[in-house]
Amino acid sequence: MSSVRDRLRATLSRAPGGGTAVASGVGEVPRRLYADSGPADRLFRGGLRAGGAAVLAIMSLVGGFLLYRAWQALRSAGASFLTTAAWEPDTGNFGIAAVLTGTVLIASVAVCIAVPLAIGTALYIVEYAPPRIRRTLVSLVDLMAAVPSVVYGLWGLFFLQGKVIGLARWLSTYFGWLPPFKVDGADPRDPLATETVYTASTFIAGIVVAMMVAPIICSVVREVFSQTPVGEREGAYALGATRWGMVRSVVLPFGKGGMIGGTMLGLGRALGETIGVYLVISPVFVIQPHILQSGTSSVSSLIALRYGEASKFGMSALMAAGLALFLMTLVVNFVASSIVARSRSGATSDS
Amino acid sequence: MNGDTGRMPHLTKDAGATPGPDAASHLEASAHPQRASRLGAVTANESATVPVTRAGADPQPMRPTTTVVVPRIAQAQAHAQSATARRATSTVRATDAYAVVGAGVASLSTTALLFTQLTGFSGGLGFVVVGYVLFLAFYALLVSFDEDGPAVRDRIVSVGVHSMAALMLTALVFVVVYTLWEGRTALPHLNFFTQDMAKAGPLDPLTVGGIRHAVLGTLVQIGLALLITVPTGLVCAVFLNEVPGRYGRFVRTIVEAMTALPSIVAGLFVFATVILAIGVDKSGLAASLAISVMMLPIVIRAADVVIRLVPGTLREASYALGAPRWRAVWHVVLPTARSGLTTAVILGTARGVGETSPVLLTAGFTAVTNLDPGSGPMVSLPLATFEFVKSPEHTMIVRGFGTAATLMALVLLLFIVARVVGGRGPGHVTRRGRRRRALASAEDLRRIESRPRPAAAGRPTEESTRSTP
């Protein structure tokens, strides 16, 4: 790049004078290209830099403070912080094994449900929908991404909870031999069995979170799909492809990076979701691998649950849990945005 | 010079072909025509001894050596390309409709037969699922009578995509409509908006008490948060675009990292610093600080994307007229991006208004109206919803739904405003705006011509940069 730039510079400096300025001698140092247009401009630059510095300061304050306050708890707990399931910071017996498992399970259920829906919807908007309603649909999906999470939480708590029990019972009856679908204490042959073993489960929380992240994934994927080159599309058609043949051989390969990146962005959001999960689940502090069984927990709902009664050390422990969650979403988001940026479409992931 | 032309086709064409997909970028298969042409513009920019704007910050740098395009071909292709809006290629025939209707009727009747007569199946969800699977089977059968294998697969996938989209969009619309519907019993009472909960207990009917405190609290908190985030966010976004270099890239990375910050952790941070360490009470101020920490990265990133889309040619034009950088930013970049920036801020506001978790930790809860953010707890709409629905009393839950419906309406309003204000590309001028600019331009011309001849040269005036597009 730089060599091209140098040559270009030489060319351009030669061009207007008609060959007079060919002073590119042997020991020429590249000049610094900088137009200084007075003190007002320098002040302006200074102001901008100060703004950047302020944001940097705020952001590093958040990260640094989290790390600093979490350090106390992390040092006293050591490696058992990752392996302990209970959360009793004041007796020194605490760890994030249970809450982290719950968080990851809820997010995985959410992503498993949201991704097919989101990709299907994105394909529909880009490829199948009549052009007249396309903009409306895009606005609708964007609006859904802005719906407050407490609204989804209300829906999950008062509507979904009751409706999904039948599905949960059916799944556990016929697929109970798979470990994730097993439900302890449920007897499918007993007609009078209580249904409460199926409520407030990872599964329901996952559906609620899926509703929240599906619009986000959908808008990233749609953005990428819509950038597929027209020439390649019509080339596929010209070779006799059906619409699905075109989608499979042009749109999906082109949008692969966007699909992966969008999924991971959704995963990052799902990991950090608080209120929707907090309203639905009933918190337990044991590792709960059965997604249909009542009782689960997540890092963010742990914080929302315990911040009020926390002692100074308990606060530090909560900070450590928050830090672990933040690190997880951070890694997921960075991987996502680098995948999206490296893909052929290079769409920006702004959500 | 010739070799250079071969490698850098962008320079031979006009570097400022803003929106239309230009041939070089298309051959590069880069899907951002604007970005591609901007990059060409920036390269030209550098060599014209204007400070480098943002060559390093772009995530997808051009590789000029890969395209070897003779300029004439490039122009021809650009001409051909300019006509490529996507063409509608689908055709619907009568037999397709017959197949859909026939398969629908067949699957409905077969499922009904299965559920009522032949087996012991029951349940609404099961009915839908079995009916859907049967529909797919019948449809494939019907289509296969007069199409070949790939076409049958195409139809099946088409049905699948349509049903996915229908399922998701219905589910999403249903969530919103459900909230508004459940809130219908609370909303008609006028006192719901004019009173607070100070005199209303959990057992009081809906004719007593309301959410005035939450509405006002939300407005105060989001107003304070906007006071913090809008100036800081815009300055930072302009900084990211105007001052390139390692420092700028570092700030961009940090901002990107902070978009990953879970909102509850933002709340926890403010709770631990402002409330526990500094000793401020739980108050509106603390809540708006927490909202700010959460909103700031969102606003910065959205504004950054919008400012990046401002065509480089506009900027260059103002530099060429001799404008210093601050004038170029103030009179060209920001006005061009105004619509997009407004959208960015409004959508950030919509996100901030709806966030419950940072407020939950920092605002405290009260039943009385509190307009002073400095002292005492202050409730906002999402927090009030959350606290209402935790109560076992039916009227309180109804109040919760009413509050959620109000919040939803507020978000909807913000969103519609954002669509009306924004939704236009950078530099896109409405018809009224174009007329206004034409008038201003004619006025300028009259003024310039009426001026005595030896005018002060050199200093560009505000008018000369304003009428660029």
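Residues are numbered from 1 along each chain as its sequence is written, and chains are lettered from A and ligands numbered from 1 in the order in which they are written. In this predicted model, local features need pLDDT of at least 70 and side-chain atom pairs count only at pLDDT 80 or more, whereas totals for chains, interfaces and linings use all residues.

The model has an ipTM of 0.79 and a pTM of 0.76. Mean pLDDT (the predictor's confidence in each residue, from 0 to 100) is 80 for chain A, where 85% of the residues reach 70 or more. Within chain A, helix α1 (residues 2-14) has the lowest confidence, at a mean of 49, and α4(A) the highest, at 90; helices (H or I, at least four residues) and strands (E, at least two) are DSSP runs, numbered from the N terminus. Values remain under 50 over residues 10-25 of chain A, for which the model has nine contacts beyond four places in sequence. A contact is a pair of residues whose C-beta atoms, placed from the backbone, lie within 7 Å. Chain B averages a pLDDT of 74, with 75% of the residues scoring at least 70. Its residues 1-83 fall below 50, yet this stretch has 125 contacts in the model beyond near neighbours in sequence. Where pLDDT is low, the predicted coordinates should not be read in detail.

The UniProt annotation "transmembrane region", from an unreviewed entry, covers several spans of chain A, including residues 52-74 and 137-160. UniProt positions are given in the numbering used here, feature names are shortened, and annotations may be inferred rather than shown by experiment. Residues 52-74 of chain A are 100% helix and 0% strand, with end C-alpha atoms 32 Å apart. For residues 137-160 of chain A the corresponding values are 92% helix, 0% strand and 24 Å.

Chain B contains 21 helices and zero strands. Of its 469 residues, 44% count as buried, that is, 20 or more other C-beta atoms lie within 10 Å of the residue's own, with C-beta atoms placed from the backbone. Helix α6 (residues 94-118) of chain B has 25 residues and reaches 34 Å from its first C-alpha to its last, close to the 36 Å expected at 1.5 Å a residue, the expected span being 1.5 Å times one less than the number of residues. Its buried residues are B:A99, B:A103, B:S107 and B:T111, and their cover includes α7 (124-144) of chain B.

Beyond four places in sequence, the contacts of A:I217 include A:A114, A:V115 and A:A118.

A:M319 lies in helix α13 (residues 312-342) of chain A and counts as buried because it has 26 C-beta neighbours inside 10 Å. Residues up to four places away aside, A:M319 touches A:L66, A:R69, A:A70, A:A73, B:L268 and B:A272. The C-alpha atoms of A:M319 and A:L66 are separated by 6.0 Å, although the two residues are 253 apart along the chain.

Conventions:
Buried ≥ 20, exposed ≤ 12 C-beta atoms within 10 Å, placed from the backbone. Contact = placed C-beta atoms within 7 Å.
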